[in-house]
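Subject: Structure handover

Hello,

Here is the structure for your files.

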Amino acid sequence: MSDNIKIAVPKGRLFDKSIEILKKSGIKFADRSARKLSIDATNFPISILIVRAKDVITYVEYKACDIGIVGLDLIREYEPDLVNLADLGFGKCKMAVAEPIEKIECWRPIKRVATKFPHVAEAFFAKAGLPVEIIELYGSIELAPLYGLADQIVDIVDTGKTLKENNLHVVEEIFSSSVQLVANSILYKAKYRLIDEITKQFTSS
Ligand code: PRP
């Protein structure tokens with residue numbers, strides 16, 4: 001069993017803060033070219049793999065990485081079988097239901113809800129006892145109610161700017177999300193000393 005620890009780090013809005021935490025915890029990296037997608041630490045047996053946020057879960061579930069940095073929003077959506085090691089306390093946002101500020105008449109017998117989080121949305125409306133049709137989209141969710149594709153959206157709200165710019169507002173908060181450190185459950189059992197040490201470093205930095 002190799003003692004090298006591979007960490008799946010999300011590209012995009014969580015990338016800079018994730019790298020900052022890794023560096024603050026004492027991990028040093030050589031400079032990388034912009035297209036290099038994996039980096040080895042120069043002072044520890046640690047490598048990081050830079051992947052799409054959604055793919056962090058897949059890399060860790062399939063043991064391609066030991067641990068990963070991923071938002072609670074994605075964990076709630078995919079409910080992966082992973083060990084949750086720590087809340088890293090950044091990337092705070094809310095999962096919320098939003099709709100146009102100027103209410104558009106809903107003529108459909110069943111309300112349509114557009115979202116990138118169909119599982120979260122379905123569970124939320126089922127619990128509320130409200131029948132809805134879920135429309136899965138991959139981005140720019142805020143457009144859906146403005147152009148008649150849906151009546152409401154379920155999406156993450158960070159600064160709230162996207163909702164505001166598109167004349168939408170939150171009507172219900174579903175849960176608060178922040179970034180979590182997760183591990184593959186089998187690899188965690190095999191390397192728990194090292195992984196616990198890394199977790200401590202990350203959470204105390
Ligand atoms: C996310 C989310 C909202 C926006 C919220 O989209 O789906 O659209 O960010 O952020 P805000 O509250 O700070 O405005 P993302 O930027 O990931 O782009 P996407 O629409 O292409 O998924």
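Arg108 counts as buried because its relative accessibility is 12%, where buried means under 20% relative accessible area, exposed over 50%, and partly exposed in between (1.4 Å probe, protein chains only). Asp151 also falls in the buried class, at 14% relative accessibility. Arg108 and Asp151 form a salt bridge, with the closest N and O atoms 2.9 Å apart; the term stands for a side-chain nitrogen of Lys or Arg within 4 Å of a carboxyl oxygen of Asp or Glu. Helices (H or I, at least four residues) and strands (E, at least two) are DSSP runs, numbered from the N terminus.

Some notes on the basis. This is a predicted model, in which local features need pLDDT of at least 70 and side-chain atom pairs count only at pLDDT 80 or more, while totals for chains, interfaces and linings use all residues. Residues are numbered from 1 along each chain as its sequence is written, and side-chain values use heavy atoms, with hydrogens and water left out.

Asp151 is also one of the residues that Glu99 touches; the others are Gln152, Asn167, Leu168, His169 and Val171, not counting residues up to four places away in sequence. Contact here means heavy atoms within 4.5 Å. Glu99 belongs to strand β6 (residues 93-100) and, at 9% relative accessibility, counts as buried. Its side chain makes a polar contact with the side chain of Gln152 at 2.8 Å. A polar contact is a pair of N or O atoms within 3.5 Å; within protein, one must be able to donate a hydrogen and the other to accept it, and residues adjacent in sequence count only if both atoms are side-chain atoms.

The whole structure has 6 salt bridges. One of them joins the side chains of Asp66 and Lys191 (2.8 Å, N to O). Asp66 is in the loop between α2 (53-61) and β4 (67-71), and Lys191 is in the loop between α7 (185-190) and α8 (192-204), 125 residues apart. Asp66 and Lys191 are both buried. Arg112 and Glu133 meet through their side chains in another salt bridge (3.6 Å, N to O). With Arg112 in strand β7 and Glu133 in strand β8 (residues 132-136), the pair ties together parts 21 residues apart in sequence. Both ends are partly exposed: Arg112 has a relative accessible area of 22%, and Glu133 is at 39% relative accessibility. Lys17, Glu20 and Lys24 are linked in a network of salt bridges.

Now the domains. The assignment gives domain 1 (5-91 + 178-204) and domain 2 (93-176), with bounds taken from an automatic or database domain assignment. Their centres, taken over C-alpha atoms, are 30 Å apart. The contact takes 10 residues from domain 1 and 11 residues from domain 2. Between them the two domains bury about 890 Å², 52% of it on carbon and sulfur atoms; buried area is the accessible area (1.4 Å probe) that two parts lose on being put together, summed over both. In domain 1, Asp73, Arg76 and Glu77 lose the most area to domain 2, together 56% of what that side buries.

The count between domain 1 and domain 2 is 1 salt bridge.

Regards
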